[in-house]
Amino acid sequence: MERWLALLAALVAVIVGMLLFWLGGPTRPNMEITQRVFVVEVRDHYFDPPGLSVLPNDRVVWVLKENAQGDGHTVTAYHPSQDRPLRIPAGARPWNSGLMTQIGQSYSYVFALPGVYDYFCTLHEQQGMVGRIIVGGAANPSPTEQGLPAAAQSSIPTIEELSGVVGEVFNAIALLQGIEYLAGQSQTALALRQLRDFQGVFAQSAVAAALAKQGVREQFESRLSVLEALLSRGAPRAALEQAVAHAKALLDALTKL
Ligand SMILES: [Cu+2]
């Protein structure tokens, strides 16, 4: 009799399990992929960070942070439509921000096609104000620095750099800047999500290893926690900016090693 009861219980458990699975299927939240927002700061006279390695559908926003001379900056793709050789994937939509002169002014672009995208500031290209974004991993064949002005050849990150730890550090800087940007746009929920996604993959990242090597990994993680707490309670913008700056400072130090 006990055996029958046990069998019955097992049968009921299986049926209930199947029912829950079937019922749970359609009501489970969509595992949609969140669009990440990377912010590149436009400064006198460089892009910070100068390179990124992103995935298709990621958004990059360039935000004007410095304009001391008042002549402004642009964010412009290397493309024949801009009187320049093609240095973005064939078929990719070229972009040109136009002249940005107001601090805080921004320009946004969503990268759809994989490949390497080089861009420049039309006013300061000769001073090496150029940037590079790899979408969907390193391209084959890899573009070279040839054909760029001399100053740009030395300032543009190489494919190898962007595919390695340097690229990961640049990405982390731009993601933190993206969190600050989203919060500034009153998109606090998205900012928090981006921060938590970043925290979720941080432990296994090359950035964590590089910070650990400098003995500042825990310091960095606690600065992320401070940022998370501030975002969670809707702290004022100045406090968020300071928290982002604190976290970024440790990453910036890595790029200067
Ligand atoms: Cu410029």
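Ser-186 lies in the loop between helix 4 and helix 5 (188-202), where helices (H or I, at least four residues) and strands (E, at least two) are DSSP runs numbered from the N terminus. The phi angle of Ser-186 is near 65°, a positive value in a residue other than glycine. Ser-186 is classed as exposed because its relative accessible area is 65%; the classes are buried (under 20% relative accessible area), exposed (over 50%) and partly exposed (in between), with a 1.4 Å probe and protein chains only. The model is predicted, and local features need pLDDT of at least 70, side-chain atom pairs count only at pLDDT 80 or more, and totals for chains, interfaces and linings use all residues. Residues are numbered from 1 along each chain as its sequence is written, and side-chain values use heavy atoms, with hydrogens and water left out.

A positive phi is also found at Asn-57, a residue other than glycine, with a value near 85°. Asn-57 is located in the loop between strand 3 and strand 4. With 41% relative accessibility, Asn-57 is therefore counted as partly exposed. Two cis peptide bonds are described next. One runs from Asp-44 to His-45, with omega near -10°, and His-45 is in the loop between strand 1 (37-43) and strand 2 (46-48). Another cis bond joins Asp-48 and Pro-49, with omega about 0°; Pro-49 is in the loop between strand 2 and strand 3.

The copper ion has as protein donors His-73 (ND1), Cys-121 (SG), His-124 (ND1) and Met-129 (SD), at 2.0 to 2.8 Å. Donors are N, O and S atoms within 2.8 Å of the metal (3.2 Å for Na, K and Ca), and sites may look incomplete because water is not among the atoms. The arrangement is tetrahedral because the four donor atoms subtend angles of 91 to 134° around the copper ion; four donors count as tetrahedral if all angles lie between 85 and 135 degrees. The spacing of the donor residues in sequence is H-x47-C-x2-H-x4-M. His-73, in the loop between strand 4 (59-64) and strand 5 (76-77), and His-124, in the loop between strand 7 (115-120) and strand 8 (130-135), link distant parts of the chain, 51 residues apart. Both His-73 and His-124 are buried.

Strands pair if DSSP finds at least two bridges between them. Strand 5 and strand 7 run antiparallel and are joined by two bridges. Thr-76 has Phe-120 in strand 7 as its bridge partner.

The largest nonpolar core holds 59 residues, of which Trp-62, Phe-220 and Leu-251 touch the most other members. Helix 4 (residues 165-184) contributes the most to this core, with nine residues. Domain 1 (37-163) and domain 2 (166-255) each supply at least three residues to this core, the domain bounds coming from an automatic or database domain assignment. A second, separate core has six residues, among them Tyr-78, Val-130, Leu-148 and Ile-156. A nonpolar core is a set of buried Ala, Val, Leu, Ile, Met, Phe, Trp, Tyr and Cys residues joined through side-chain atoms within 4.5 Å.

Rings of Phe, Tyr and Trp (its six-membered ring) pair if their centres lie within 6.5 Å, and planes under 30 degrees apart count as stacked, over 60 as edge-to-face and the rest as tilted. The count by this rule is 14 aromatic pairs. Phe-47 and Tyr-119 form an edge-to-face pair, because their ring centres are 4.8 Å apart and their planes are at 65°. This pair links distant parts of the chain, with Phe-47 in strand 2 and Tyr-119 in strand 7, 72 residues apart. Phe-47 and Tyr-119 are both buried. The aromatic pair of Phe-202 and Phe-220 is tilted, at 5.3 Å centre to centre and 35° between the planes. Phe-202 in helix 5 and Phe-220 in helix 7 (residues 217-232) are 18 residues apart, and their pair links distant parts of the chain. Phe-202 is buried, with a relative accessible area of 3%, and Phe-220 is buried at 0%. One aromatic cluster is formed by Phe-47, Trp-62, Trp-95, Tyr-107, Tyr-109, Phe-111, Tyr-117 and Tyr-119.

Notes:
Tetrahedral: all angles 85-135°; square planar, octahedral: opposite > 155°, others 65-115°.
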